[in-house]
Amino acid sequence: MIPPFGQVVWSDVAVTHKKEGAGDPDRNLRIFEARRAAGLHPEPRERFYYARELYYHGRYEAAERELRTFLDEGGGWVENEIEACRFLAYCAYQMGKQDEALQALLESFRFDDPRAETCCDLGKHFLDREEYRRAAFWYELALTREREDRSGAFVQPDCYGYLPCIQLCVCYDRLGRRELAEAYNLRAGQYKPEDPAYQHNLIYFAEHSG
């Protein structure tokens, strides 16, 4: 992390990192493991990023161990601790441990108030299990969370508007509350008017009106 200095301007401008060549997808992981082999004890932030690299390389059990150590030892930045809980859940899902995944997401609440990203993860957990009422609770909660772009966290903008709305459309349609479902679809369209899911739903509701 490089702290900014001088005049700092916050903006919605998107920055895309694009490699000119194929790159080396294992580079970061090799750096971390070389430091381990040299007997260097990782700082909390380094352990967190090492665990993420393990996850991205499909080494879920190893990633789970590193994330759990990171959380248990403490000393990490609160935003990394919250993100670690989310990645701990992703590891658990990959290993078929559904209950542990849910518990990991809920564990994030001991570090700070719920983030919209975590609320959307919880909403998906219940939506995937066709528990639409419970899913709707978490998606509605996501819409109440304030987006903090200056926090330094990994902010996912869709979780603060579009994603909860489009998923609430699904939830309430499944619950037989079509008018509310359509309202949430229209709200989703305010965020992404060209999105295929929103456009598809417009046709769906038009065909089922009346």
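**Rings, partners and charges**

Author: Arg 52 lies over the face of Phe 154, at 4.6 Å from the ring centre, where a charge sits over a ring if NZ of Lys or CZ of Arg is within 6 Å of the ring centre and within 35 degrees of the ring normal. Lys 192 is likewise placed over the face of Tyr 162, at 5.1 Å from the centre of that ring. The model is predicted, so local features need pLDDT of at least 70 and side-chain atom pairs 80 or more, whereas totals for chains, interfaces and linings use all residues. Residues are numbered from 1 along each chain as its sequence is written, and side-chain values use heavy atoms, without hydrogens and water.

Rings of Phe, Tyr and Trp (its six-membered ring) pair if their centres lie within 6.5 Å, with planes under 30 degrees apart called stacked, over 60 edge-to-face and the rest tilted; this rule gives 13 aromatic pairs. In one of them, the centres of Tyr 55 and Phe 87 are 5.3 Å apart and the planes stand at 90°, so the pair is edge-to-face. Because Tyr 55 belongs to helix α2 (residues 44-56) and Phe 87 to helix α4 (residues 78-94), this contact ties together parts 32 residues apart in sequence; helices here are DSSP runs of H or I with at least four residues, numbered from the N terminus. Tyr 55, at 16% relative accessibility, counts as buried, and Phe 87 is buried at 4% (buried means under 20% relative accessible area, exposed over 50%, partly exposed in between, with a 1.4 Å probe on protein chains only). Phe 87 also pairs edge-to-face with Tyr 56, at 5.8 Å centre to centre and 90° between the planes. Tyr 56 lies in helix α2 and Phe 87 in helix α4, so this pair joins parts 31 residues apart in sequence. Ring pairs link Tyr 55, Tyr 56, Tyr 60, Phe 87 and Tyr 90 into a cluster.

Note on methods
Helices (H or I, at least four residues) and strands (E, at least two) are DSSP runs, numbered from the N terminus.
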